[in-house]
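Dear colleague,

I am handing over the structure to you with this email, and below it I have written out what was found. Please keep it open beside the text as you read.

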Amino acid sequence: MDDVQTLLTTTVGEIERILSSKTVVGEPMTVGEATLIPLVSVGFGFGAGGGNGTAPGQTGQNSGGGTGGGGGIKPVAVLIVDKQGVRLESVKGGAASFAEKVADVIGKGMGKAQK
C-alpha cells in the first residue's frame, strides 16, 4: 500500500471513529424541571493527493503526498422534555440561538416556580 493510500485509509478510519450518535445528540441538561437535549448537524470534508516524478536537472524519482480535512458542528434543534411532554424546538442561527432557547426554558421554568 502506498503512502497516499495509507494516509487516506487512516483519515477515513478516524472520521468513522469520531462520528457516532453521540456526535449528533448532545449531553442532556437539566434546567429546573425540564431536560434539554441538543441536536447538532455534523459536517466534514477531506481530500488526499500524491504524485511522483523527476525534478528538472535531477536524477531519480521523487514522491510526495498529503491529506487535509476540516469539519464543523452546529446546533440545529433542542429536544425539551418537561411536565407538558416532549417537544422539538428548531434552532436557527447556531450557538447564539441555542443559548436563547435554553434561556427561554429557564425563564418559563422560573415563571412557573413563582406561581
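Arg87 is partly exposed, with a relative accessible area of 26%, where buried means under 20% relative accessible area, exposed means over 50%, and partly exposed lies in between (1.4 Å probe, protein chains only). Before going further, please note that this is a predicted model, in which local features need pLDDT of at least 70 and side-chain atom pairs count only at pLDDT 80 or more, while totals for chains, interfaces and linings use all residues. Residues are numbered from 1 along each chain as its sequence is written, and side-chain values use heavy atoms, with hydrogens and water left out.

Which residue forms a salt bridge with Arg87 with the closest N and O atoms 3.0 Å apart? That residue is Asp82, and a salt bridge here is a side-chain nitrogen of Lys or Arg within 4 Å of a carboxyl oxygen of Asp or Glu. The side chains of Asp82 and Arg87 are also joined by a polar contact of 3.0 Å, a term that stands for a pair of N or O atoms within 3.5 Å, where within protein one must be able to donate a hydrogen and the other to accept it, and where residues adjacent in sequence count only if both atoms are side-chain atoms. Glu89 forms a salt bridge with Arg87 as well, with the closest N and O atoms 3.3 Å apart, and Glu89 is partly exposed at a relative accessible area of 25%. Through salt bridges that share partners, Asp82, Arg87 and Glu89 are joined into one network. As background, side chains of opposite charge can pair when their charged atoms come close.

Asp82 belongs to strand E3, residues 62-82; helices (H or I, at least four residues) and strands (E, at least two) are DSSP runs, numbered from the N terminus. If its neighbours within four places in sequence are left aside, Asp82 is in contact (heavy atoms within 4.5 Å) with Glu33, Ala34 and Arg87.

A search of the whole structure finds three salt bridges, and one of them is formed by the side chains of Lys83 and Glu33, at 3.0 Å from N to O. This pair links distant parts of the chain, since Lys83 sits in the loop between E3 and E4 and Glu33 in the loop between strand E1 (29-31) and E2, 50 residues apart. Lys83 is exposed, with a relative accessible area of 73%, and Glu33 also counts as exposed, at 59% relative accessibility.

**How the strands pair**

Two strands are said to pair if DSSP finds at least two bridges between them. E1 and E2 pair in the antiparallel sense over three bridges, with Met29 opposite Leu36 in E2, and in their hairpin, which has two residues between the strands, Gly32 takes a positive phi near 60°. E2 and E3 pair in the antiparallel sense over 19 bridges, and there Gly47 stands opposite Gly68 in E3. E3 and strand E4 (residues 85-90) pair in the antiparallel sense over six bridges, with a hairpin of two residues joining E3 to E4 and with Ile80 opposite Arg87 in E4.

**The surface and the chain as a whole**

Which residues make the nonpolar surface patch of about 480 Å²? They are Leu8, Val12, Ile18, Leu19, Phe44 and Phe46, and the elements that give two or more residues to this patch are helix H1 (3-18) and strand E2 (34-53). H1 supplies the largest share, three residues. Patches are made of residues with over 30% relative accessible area and no salt bridge, like charges being joined within 9 Å and nonpolar side chains (Val, Leu, Ile, Met, Phe, Trp, Tyr) within 5 Å. Leu8, which has its place in helix H1, is partly exposed with a relative accessible area of 33%.

The protein chain has three helices and four strands, and from the N terminus on its elements run α-α-β-β-β-β-α. Of its 115 residues, 17% count as buried. The chain exposes about 8000 Å², of which carbon and sulfur atoms supply 57%, the accessible areas coming from the Shrake-Rupley method with a 1.4 Å probe, and for residues only the protein chains shown count as cover.

With best wishes
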